[in-house]
Amino acid sequence: TRDYFLTDIPWDSYNTGRIDLQRGPNSILFGVGSPAGIINTSLNGAAFKNSNKVENRVDKWGSLRFSGDFNYVVLKNELAVRLSLLDDKQKYQQDSAYNHDRRTYGAVRYTPHWFGEGNETMIRANYEQGNVHANRPRSLPPIDGITPWFTYANKLP
C-alpha cells in the first residue's frame, strides 16, 4: 500500500520517506490489512524546511540512474512545495533486456492562518506521473515439466 491505500504503482524509493511492515493479523487495524500482514510506503510530503538532494548511480552493465528531490518553502510556516524526479535507465547482462523508468512527483502543503494562532488547518496534495518501458530478463530458468511425466508414466504397472 501507499499511505495505506491499495496501489498498482511499482515501488521506487525516489519519493519514499518511510516503509512500515505490519506483520500478522495486527495489520488489519490499519484499514486494508490481511492476516499475513502488509507493507506500507509513505510518500515524502512538502515540509517547511528548504532542502535539495541529487543522486546518480551507474553499474557495470551501463545502467544510469538520476534522481532529485527539491523542497522549497514559499511562505514561511504557511506554503511549501516539493518536486522529486527520476530517470532510471537500467540495463542487464543480456543485450536486449532493459528497464527505462521516468517519473515526476510533486507535493504541496498549505497551512493558512485563517482562524488565528493555535487553530491550524492543513491542506496537502500530491501528484505523480510516470512511464515505464521495459523488456526485462526472465528471473526464472525454463522449467522441464515433461520429463518427470514420462519418468512417472514408465513406472506405472
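Predicted model: local features only at pLDDT ≥ 70, side-chain atom pairs only at ≥ 80, totals over all residues.
1. Read along the sequence, the protein chain follows the pattern β-β-β-β-β-β-β-α, with one helix and seven strands. Helices (H or I, at least four residues) and strands (E, at least two) are DSSP runs, numbered from the N terminus. The radius of gyration of the chain is 23 Å, well over the 15 Å that the globule rule gives for 157 residues, so the chain is more spread out than a compact globule. That radius is taken over C-alpha atoms, and the globule rule is 2.2 Å times the number of residues to the power 0.38. Along its principal axes, the C-alpha trace spans about 90 × 45 × 20 Å.

2. Residues are numbered from 1 along each chain as its sequence is written, and side-chain values use heavy atoms, with hydrogens and water left out.

3. An open sheet of five strands has the order β3-β4-β5-β6-β7, with antiparallel pairing. Its edge strands are β3 and β7 (123-135), each of which pairs on one side only. From one strand to the next, the twist averages 5°. Two strands pair if DSSP finds at least two bridges between them; the angles run from 0 to 180 degrees between N-to-C directions, and the axes are lines fitted to C-alpha atoms, for helices over the stretch in contact.

4. Strand β3 (residues 51-58) runs antiparallel to strand β4 (residues 64-75), and eight bridges join them. N52 has F70 in β4 as its bridge partner. The two strands form a hairpin with five residues between them, and G62 in the turn has a positive phi of about 100°.

5. On to the next pair: β4 and strand β5 (residues 79-91) are antiparallel over eleven bridges. F66 stands opposite D87 in β5, and S67 has L86 in β5 as its bridge partner. Three residues lie between the strands of this hairpin, where N77 takes a positive phi near 55°.

6. Which residues form a nonpolar patch on the surface? They are Y72, V74, L75, V81 and V108, with about 400 Å² of accessible area together. The largest share, three residues, comes from β4, whereas V81 lies in β5. Patches are made of residues with over 30% relative accessible area and no salt bridge, like charges being joined within 9 Å and nonpolar side chains (Val, Leu, Ile, Met, Phe, Trp, Tyr) within 5 Å. Accessible areas come from the Shrake-Rupley method with a 1.4 Å probe, and for residues only the protein chains shown count as cover.

7. A search of the whole structure finds eight salt bridges, a salt bridge being a side-chain nitrogen of Lys or Arg within 4 Å of a carboxyl oxygen of Asp or Glu. One of them joins D20 to R18, with the closest N and O atoms 3.1 Å apart. D20 counts as buried because its relative accessibility is 13%, whereas R18, at 48%, is partly exposed. Buried means under 20% relative accessible area, exposed over 50%, and partly exposed in between (1.4 Å probe, protein chains only).

8. D101 and R103 also meet through their side chains in a salt bridge (3.0 Å, N to O), and both residues are buried. Salt bridges that share partners join R2, D101, R103 and E128 into one network.
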